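Hi,

Here's the structure I promised to send over. Have a look at it first, and then read on for what turned up.

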Amino acid sequence: VWTCHTCGIVRARSFWHSFDTAVYLLRVNSLPMGWTAFHTVWSTAAEALVCDLPSLLRRLITISNPGYLGQHPELRRSILKFIADLLHIQLGQSHPLAQICRQLFNDDELPRMAEAALLLLRNLFEQSLGPHHHETFESQLALVVCQGRNRDLRAAERSARGLLQKARLLGARALQNGQFFRAMRSLIHILKEDRQYEEAITLCHKILDQHPSDIWQKQWIYTKEDLAELHRLQRNSEMESLHLYAALQASQKVFGHGAVPTLHIRDKLKLSLEDQGWTEVVLFT
C-alpha cells in the first residue's frame, strides 16, 4: 500500500495543491473562481488520487471532518462519494482504502473522529518512519488544521508549536523543503483565530526575513496575504492594501498574471481599496 513511484507522488501533490486552492476559494466565498478551480482539478483526479496512497488516507480523514468545507457540507459529501466510487473501480471493493472511504461517507457526523484518526496516523508514522519524515509532518499539519476547525484552539496551538519546534530542529533541511515556513504559517493561522494578532504579525515578519529561494517566494506571497488579513482584522485598511499590493506584484511574477492565486489577490485588493473609498479601482494583471 505504501509503495509509490516518485513521478506519481509529484502528480499527486500537484493535484492536492490545486484541490486545496479550490477548497480555500470556496471557504472564503470566492465562489465563481472556486467552482471553476474545482471543475478543473477533478479532470485529473482519476489519475492522481491513487499515486500516493498515504497522502490519500490522510486526506480522506481530513475531508471527513464536518467543518472541512465550512458552508458547503453537501460538496464535502459529494467529494467523499466520488473518491469512494473511484477507489472501488481502481483498487477494488475489498481494498482497505476503498472500505475506509465508504465508511467515512456513511458515518460522517462525528467532528472528533477525524481528529482522533489523524492523531493515531501521526503517531503511527512517527514510530515507523521517524519524527522528521514527510508523512509524519503532513499528518501533524493536518491535525493542527482539524483541531482549529473543531474550535479547539488550545490543542491546535500546542500541536502547531510542536510542529514548528520539530521543523526548527531540522535546521537548513526544513528551510529547503518548506516545512519551516508551513509550520510557522500553521501557527500564524491558529493565533489569528485566537485573536493573538501581535504574535501572529511577528511570526509573519520572521518568514519574510528569510533568504530567498523557490519555495520561499511562494511562502512570501502567502505570508503577505496573512499579514493583510491580520491588519484587516485590526481595522488597518491602509496596511492591508499595501501588503496585498506587494503580494499581487509578486504573484504576477511567480504564478503568472492569469493564475488563480493572482486573480484572487487582485479581487481582495480591489475590495480593500473600495472599503477605503476608492470607488473606481482599475488593477492591471
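One thing before the details: this is a predicted model.

Let's start in helix H1, which runs over residues 6-27. Tryptophan 16 and phenylalanine 19 both sit there, 3 residues apart, or about one turn of the helix. Why does that spacing matter? An α-helix has 3.6 residues a turn, so residues three or four places apart point the same way. Both tryptophan 16 and phenylalanine 19 are buried.

Now the rings. There are 10 aromatic pairs in the structure. Phenylalanine 15 counts as buried because its relative accessible area is 3%, under the 20% cut-off. Tryptophan 16 has a relative accessible area of 3% and is buried too. Ring pairs join Phe15, Trp16, Phe19, Phe38, Trp42 and Phe82 into a cluster.

On to helix H2, residues 31-42. From first C-alpha to last, its 12 residues reach 16 Å, close to the 16 Å expected at 1.5 Å a residue. Which residues of H2 are buried? They are Met33, Gly34, Ala37, Phe38, Val41 and Trp42. These cover an arc of only 160 degrees around the axis, so they lie on the same side of H2. Over on the other side, Pro32, Thr36, His39 and Thr40 are exposed.

Cheers

Note on methods:
Residues are numbered from 1 along each chain as its sequence is written. This is a predicted model: local features need pLDDT of at least 70, side-chain atom pairs count only at pLDDT 80 or more; totals for chains, interfaces and linings use all residues. Side-chain values use heavy atoms; hydrogens and water are left out. Helices (H or I, at least four residues) and strands (E, at least two) are DSSP runs, numbered from the N terminus. The expected span of a helix is 1.5 Å times one less than its number of residues. Buried means under 20% relative accessible area, exposed over 50%, partly exposed in between (1.4 Å probe, protein chains only). The arc is that of the directions from the helix axis to the C-beta atoms. Rings of Phe, Tyr and Trp (its six-membered ring) pair if their centres lie within 6.5 Å; planes under 30 degrees apart count as stacked, over 60 as edge-to-face and the rest as tilted.
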